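Subject: Structure for you to look at

Hello,

Here is the structure I said I would pass on. Please open it first, then read the notes below.

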There are 2 protein chains.
Amino acid sequence: MKIKDISEIDLIRRLSKNFHLDKTVIKGSGDDAAVIKYTRDKYLLYTCDMTIEGVHFDFGKATPFQAGWKALGRNISDIGAMGGVPKYAVVSLAISPGQKVSVADGICKGLKSIADRFGVNIVGGDMSVSKNIVIDVSLIGEVEKKKLVLRSGAKTGDVIFVTGSLGRSIKGKHLNFIPRVNEARRILKNFKINSMIDISDGLALDLNRILKASCVGAHVYESAIPLSKDASVNNALYDGEDYELLFTMSAKEARQFYRTILKKIDTPVSLIGEITAKKDGYKIIGEDGKIEDMKIKGYLHF
Amino acid sequence: MKIKDISEIDLIRRLSKNFHLDKTVIKGSGDDAAVIKYTRDKYLLYTCDMTIEGVHFDFGKATPFQAGWKALGRNISDIGAMGGVPKYAVVSLAISPGQKVSVADGICKGLKSIADRFGVNIVGGDMSVSKNIVIDVSLIGEVEKKKLVLRSGAKTGDVIFVTGSLGRSIKGKHLNFIPRVNEARRILKNFKINSMIDISDGLALDLNRILKASCVGAHVYESAIPLSKDASVNNALYDGEDYELLFTMSAKEARQFYRTILKKIDTPVSLIGEITAKKDGYKIIGEDGKIEDMKIKGYLHF
């Protein structure tokens, strides 16, 4: 059996199932970041993402600066999706000996720029040789225990929100996105978020991850999905790499949230649907009112 | 200017020099792991190492199990060289879609095997696509404040020790080595180690890193260097990938260490030289008593 014959999700489950975790690990793989015991009031968050030339960016379309920005940005977005604050990163960079030094300089300027913006300390790294550039970043964050948000907390009756707009990230946003850490922290200051994920593989697939982790269903209103410029609903549902936040809140919290906070956040936040009982399935409601099953597809490597 | 036109050490210095570190970072890049504020009694240690097919291992000579073992083992060795205990790892794995699933299985069995042996929790990861296999591991460890050992603490008059034997690791040891965490912890329980590093790029180069960080010189006795089977002194000095510990201790501590502990540690520990004043240089003393400058060379990627 080849790697391509098995889905990415099944592959990751297969490979990680035997790893032993001790009692200090609150949550291992299966969320945007791992959750580890830390201080009396806080958890440590821990994540990694690999950004590869030819897979996640191509020179010609992307500058080295953008590649560096994206490599760390993806990780910051994961910490944000747990409700946390990013703190410490290490970076492994593999690059060809024949590559220009200015390319490595540009990557590091991109890393530094987004690190400074979000207060991340890049504390170490490793360099190696590779034909294609590989930038692997791992990131430690922290979150107050009571602000931690998992994928698994969605409840029937919750409303579903998404930040920003979705679709056609490939036109440029995937290289320039602003991880929604500050938006999540602003909301969590006053409100309880029941579940959250960042949209890396498309709304359809990432919402499905919340539904599976929470054992619930959902109705999504097609006309309510915020579309990026030139994006169709299908782009918004299936393109991936938007790095927006998808989260759910009780209807009561949501009403208060609408009344008090929404206009104080620069980033738009759209209500796109509601959480239902699991037996009601995962549905999309068209502009004509027609209810259909959501297609569970999106961006996956394998 | 190309990457190959600049030394790996200069390149890393150039790329990392502008990264901003806040006051919670005790030590950024430039040691085996970064040191970060943690609890009242302990520091957090943080490191990463990239292990690439065709650079750090080749199938045919290495099994997938060994590649996985090595990928995490290199990181565990770094935490050990700070006097710490490895705790939490995340693993990024890039693999070709055409590769057999059994190869990924084997890599994860190797990761799990060494993780279990050293009590490491593999708490998360990322998968991506690459022609050559890339295994990037980052590892969090912890160390009691008073047991932390940096490269920069060597003092004139210290004696220099090395664990195990050196040279020709390429014959197999680089795939099967046991990181010397337990040896370091055993010694630190009763003794003060002034400086330490793990030998990844060869004794000559890694001892030089201690000397530069500590602003001291050294005399190494050629005949005292413990040689692996079929290894020459040159192999021991310049081959790299031994993953043994190189450390220094005051002569007084060393005498006590010899008397009480040495025979209780299964791994051999050899006295190979002494730390001198910086002005005395970095010298190797041949079997004939001839003193020569140590050649500063070893395994570097660029």
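Which strands of chain A does helix α2 of chain A lie across? The model is a predicted one, and in it helix α2 (residues 64-80) of chain A lies across β3, β4 and β6 of chain A. Its direction is at about 145 degrees to β3(A).

The sheet

Those strands belong to an open sheet in chain A, built from six strands in the order β1-β2-β3-β6-β4-β5. The pairing in this sheet is mixed. At the edges are β1 (25-27) and β5 of chain A, each of which pairs on one side only. On average, and with direction ignored, neighbouring strands are turned by 20 degrees against each other. One pair to look at is β4(A) with β6(A), which run in the antiparallel sense and are joined over nine bridges. To find your place there, note that A:S92 stands opposite A:D136 in β6(A).

Two helices in chain B

In chain B, helix α2 (residues 64-80) packs against helix α3 (residues 101-118) at an angle of about 40 degrees, and their axes are 6 Å apart. Angles under 35 degrees count as roughly parallel and 65 to 115 as roughly perpendicular, so α2(B) and α3(B) are oblique to each other. Their crossing is right-handed. Among the residues that make the contact are B:F65, B:W69, B:L72 and B:I76 of α2(B), and B:I107, B:L111, B:I114 and B:F118 of α3(B). By class, this contact has 14 nonpolar, six polar and one charged residues.

The two chains together

The contact between the chains takes 60 residues from chain A and 60 residues from chain B. On the side of chain A that touches chain B, the elements that each supply at least two residues include α1 (8-16), β2 (34-37), β3 (42-52) and α3 (101-117). The largest share of that side, nine residues, comes from β5(A). The residues of that side divide into 33 nonpolar, 17 polar and 10 charged.

Regards

Technical notes: Residues are numbered from 1 along each chain as its sequence is written. Chains are lettered from A and ligands numbered from 1 in the order in which they are written. This is a predicted model: local features need pLDDT of at least 70, side-chain atom pairs count only at pLDDT 80 or more; totals for chains, interfaces and linings use all residues. Axes are lines fitted to C-alpha atoms, for helices over the stretch in contact, and angles run from 0 to 180 degrees between N-to-C directions. Helices (H or I, at least four residues) and strands (E, at least two) are DSSP runs, numbered from the N terminus. Angles under 35 degrees count as roughly parallel, over 145 as roughly antiparallel, 65 to 115 as roughly perpendicular and the rest as oblique. A crossing is left-handed if the near helix is turned anticlockwise from the far one by less than a right angle, and right-handed if clockwise. Two residues are in contact if their C-beta atoms, placed from the backbone, lie within 7 Å. Ala, Val, Leu, Ile, Met, Phe, Trp, Tyr, Cys and Pro count as nonpolar, Asp, Glu, Lys and Arg as charged, and the others, Gly among them, as polar. Two strands pair if DSSP finds at least two bridges between them.
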